[in-house]
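Good morning, and thank you for coming.

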Amino acid sequence: MTITPDFRFRRLRRSPVLRQIVREHHLRPEDLIMPIFVQEGIAEPVDIASMPGVQRFPESQLGGELRRLWQLGLRAAILFGVSDNKDSCGSDTWSDDGLMARCIRTAKAAVPDMLIISDNCFCEYTDHGHCGVVVEDDVDNDQTLTNLQAQVVTAARAGVDMIAPSGMMDGMIAAIREALDEDGYHHIPVMSYSTKFASAFYGPFRDAVDSNFKGSRNTYQMDPANGREALAESMQDEGEGADILMVKPGLAYLDVIANIRQHSNQPLAVYHVSGEYAMIKAAANAGVIDEKAVVLETMLAFKRAGCDLILTYYAEDLLKWLAEG
Ligand code: PBG
């Protein structure tokens, strides 16, 4: 007996053009934000063993690298400094001659039209590797906020286009907004790492920034088990004035992305983190997956879940793959 379905979804899948015109989500070059690592005291780019294809750049090559990426179509970069001048509170970050300020000035001079974002944290500038001031074995929230205010005003003075605090301190967006506005930087937007989990997927990043950090960030980053709190964290930051919200990491937290998307009208970003990158690379290098197809599918999953922007180490490859069509 022949069975005849009432409705046939396959009608709209019959040709490439049909599939194309009913496609719900798209990845565009301007959706991508590329993380760039700049290390003090090196003369040539250094490969990062745990992240094949990603390098740390000397300051002298930052401008050239950004110009090259601009030519490929990159429109936004987020800068991470790997400092030689570490101390207990990360004071290099609020020095006008510090690594962060110098990198921002170099980047803006090289590619004035590119959106230059600074990752605003302390972990790459403290000798203990925590994301703030440590008091009695824990990061002191409110002292860290005071330092963060000094840091973001320094970044703004250096010409940064957008501030991106990643330390998961309570009240960080309100503190940053107040400091920026007070110094006349009303126009500088803040992209908050608003829902950031204490994740094992950051493993390779620790290698990338040479962090000798051995402890845990469980007292400030979120427990991966918590979905309601994940929403509350981002809504709190929106209430404090965050212009863009973010979920980090990505693939293990698509439910969190979708939930925030339903509750906020602000642009939403996702950070496809080092461990996510390294896992795809390892599988691709082992010859067991099609790297391009898997990366594009992953990016579309972020868009489908509700993200507008994607921070990813695959940004350069994606620009090439998008251009190929
Ligand atoms: C530190 C910071 C981390 C990342 C970005 N900023 C690591 C951490 O919180 O331990 C991770 C980035 C990545 O894994 O790609 N505030």
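Helices (H or I, at least four residues) and strands (E, at least two) are DSSP runs, numbered from the N terminus.

The model is predicted, so local features need pLDDT of at least 70 and side-chain atom pairs count only at pLDDT 80 or more, while totals for chains, interfaces and linings use all residues. Residues are numbered from 1 along each chain as its sequence is written, and side-chain values use heavy atoms, leaving out hydrogens and water.

Tyr 313 is buried, at 5% relative accessible area; buried means under 20%, exposed over 50%, and partly exposed in between (1.4 Å probe, protein chains only). Tyr 313 also pairs with Tyr 277: their ring centres are 5.9 Å apart and their planes at 75°, so this pair is edge-to-face. Tyr 277 lies in helix α9 (residues 274–285), 36 residues from Tyr 313. Tyr 277 is buried too, with 2% relative accessible area. All three tyrosines belong to one aromatic cluster, whose members include Phe 37, Phe 80 and Trp 321.

What lies 2.6 Å from a polar side-chain atom of Tyr 313? It is an oxygen atom of the ligand, a polar contact (a pair of N or O atoms within 3.5 Å; within protein, one must be able to donate a hydrogen and the other to accept it, and residues adjacent in sequence count only if both atoms are side-chain atoms). A polar side-chain atom of Arg 217 lies 2.8 Å from a ligand oxygen, and an N or O atom in the side chain of Lys 196 is 3.0 Å from a ligand nitrogen.

Finally, the helices. Arg 177, in helix α5 (residues 172–182), counts as buried because its relative accessibility is 14%. Its side chain reaches the backbone oxygen of Tyr 185 at 3.1 Å. In helix α3 (residues 99–110), the buried residues include Leu 99, Cys 103 and Ala 107.

Note on methods: Expected span 1.5 Å × (residues − 1). Phe/Tyr/Trp six-rings, centres within 6.5 Å; stacked < 30°, edge-to-face > 60°.
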